[in-house]
Amino acid sequence: EVGKGAMRQKYHFMAEEGWLNDPNGLIYFKGKYHFFYQYNPYDSYWGSMHWGHAISDDMLHWEYLPLALAPSETYDNHPKGGCFSGSAIEHEGRLYLLYTASTIYGDGFVQNQCMAYSDDGIHFVKSEKNPVIAAPPSGYDVGEFRDPKVWKHEDYFYLVCSGKKDELGQALLYRSKNLEDWDFFNVLAESRGEFGYMWECPDFFPLKNANGEKYVLTFSPMGVKERTSIYLVGDMNYETGKFNYTTVGNIDWGFDYYAPQSFVDQSGRRILIAWANGWDWMPWWKDWGPTFKEGWCGSFNLPREAILDTDNTLKFVPIEELRSIRKSVEAIHEKSIIEKGERLIPTANGNCFELKMTIDLANSTADSFELRLRSNDHLATIATFDLRKQMLRVSRDNSDDWSQGTTKSNLLLKDKATLKIHLFVDQSSIEIFTDDYKTNHSLNVFAKEDQNKNYVSVAEGTLVIDQLETWELTKTM
Ligand code: FRU
């Protein structure tokens, strides 16, 4: 077993030790999944950014590889800078990484885009032509220019990265024939205030449904409450470099779902993986975060498949591979009725488990019910399903010594006879999926080992549960 510490996740991806933030360079290359990540190998604080590296056959079991990128050049070597976020692409059998070099001159950041390549997928060489994009277009903030996400379409490589102009966030589109010489092409989308002052880690990709193909732009906005990661769905015109979006949604409503990056897996699925934290909740400038004393900080959310529904909204479904780490199952198959009171949810292991439940809405009279997760006599994380107001609220105000806040979203119950809930609990996080995977809340909870009871609780009326299953989840690296 790698790493030490009671709060370390049991089945979510983490670094061996030290600080981890964004997923970078996710790719299926030469028969393996490669995950890279923003990494500080020296400490459990943010700083001196490297790219950590791990490979896997199933996105769940990992082998750690040597560091892929380390600060080494004048453009990327600074304790408050380094090799910032970016992405990967395969071209003619070679693996290319596009990343942001971030350094500080005087008291301000300077950021530009760089490239590195590898033939074996393990050892990387930084391009002689770095930085391959030396500065943003004129009029843009030179210190807020980062996170290139690269793809290929017909004859060109494209990349989208974040830019800031007039204190507002934008997604900038560049194109290139060779991954080294890049031209600014267009502004893909921009904030007019509603989406904040900086869009970190933009990503742009096509998805198909029965009506045809759409493009999706995702990003993590700075300066917008209640939106950690946004998606926009619309149409892309590669002739003009214009993207017109008609649909706006939250990928996740929780506190801890930031900087998602997507890639296409070996069977053609579009998978998204995010950093299971957010800058607001990870005070990296202080030393009192809960896991720092265990010598680590940060994990990834579970890989989710992005699916375009016929109404052009998105579903985010945890990958099927997760079934392979299910151990003992506990289930209530027959209908069960809870009448004003609470019922213990059967779990083989109350700390690390998966739960699926179906509520019979037509026959329930309760206005609302709660799932009380990771609880002991005093503490619990409480998910309130308000059936009357059609809202989901998740409160971690009383969940541990450290976490706080309540997340809120709508619940799309109109015309529905049942409500389905699917959730994953790990040593220090909870991911709740509902509304057919359209409404999801992910949050960290640094609960103690004795917080191992989970309940369904009803204050008034009756709640009819059609079915409830839980699985203990465990894995070895
Ligand atoms: C997002 C982010 C990126 C940046 C990286 C630095 O979490 O702020 O914009 O490249 O982290 O570690």
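How many residue pairs are in polar contact between domain 1 and domain 2? In this predicted model, the count between the two domains is 15 residue pairs, with both residues at pLDDT 80 or more. The domain assignment places domain 1 at residues 18–318 and domain 2 at residues 321–473.

**Domain arrangement and interface**

- The C-alpha centres of domain 1 and domain 2 are separated by 31 Å, and the contact draws on 33 residues from domain 1 and 26 residues from domain 2.
- The size of an interface is often expressed as the accessible area lost when the parts come together.
- For domain 1 and domain 2 the buried area is about 2,500 Å², and carbon and sulfur atoms contribute 58% of that area.
- Six salt bridges are found across the interface of domain 1 and domain 2.
- Arg 304 and Glu 431 form a salt bridge through their side chains, with an N to O distance of 2.7 Å.
- On the side of domain 1 that touches domain 2, the elements giving two or more residues are β16 (242–252) and β21 (314–318).
- Strand β21 gives the most to that side of domain 1, with five residues.
- By residue class, the side of domain 1 that touches domain 2 consists of 18 nonpolar, seven polar and eight charged residues.

**Ligand surroundings**

- The residues around the ligand are Asn 21, Asp 22, Gln 38, Trp 46, Met 49, Phe 84, Ser 85, Arg 146, Asp 147, Glu 200, Tyr 258 and Trp 279.
- Arg 146 places a polar side-chain atom 2.8 Å from an oxygen atom of the ligand.
- Trp 46 has a polar side-chain atom 2.9 Å from a ligand oxygen atom, and for Trp 279 the corresponding distance to an oxygen atom of the ligand is 3.0 Å.

**Salt bridges in the whole structure**

- One of the salt bridges joins the side chains of Lys 126 and Asp 76, at 2.8 Å from N to O.
- Because Lys 126 lies in strand β8 and Asp 76 in the loop between β4 (62–69) and β5 (82–91), this pair ties together parts that are 50 residues apart in sequence.

**Backbone features**

- Most residues other than glycine have a negative phi, and most peptide bonds are trans.
- The peptide bond from Asn 130 to Pro 131 is cis, with omega near -5°.
- Pro 131 belongs to the loop between β8 (125–126) and β9 (146–153).
- Lys 30, although not a glycine, has a positive phi of about 45°.
- The loop that holds Lys 30 runs between β1 (18–29) and β2 (32–40).

Definitions and conventions: Residues numbered from 1 in each chain as written. Predicted model: local features only at pLDDT ≥ 70, side-chain atom pairs only at ≥ 80, totals over all residues. Heavy atoms only, no water. Domains from an automatic or database assignment. Contact = heavy atoms within 4.5 Å. Buried area = accessible area lost by both parts, 1.4 Å probe. Salt bridge = Lys/Arg side-chain N within 4 Å of Asp/Glu carboxyl O. Polar contact = N/O pair within 3.5 Å; in protein donor to acceptor, adjacent residues only side chain to side chain. Helix = DSSP H or I, 4+ residues; strand = E, 2+ residues; numbered from the N terminus. Nonpolar A, V, L, I, M, F, W, Y, C, P; charged D, E, K, R; others polar. Near = heavy atom within 4 Å.
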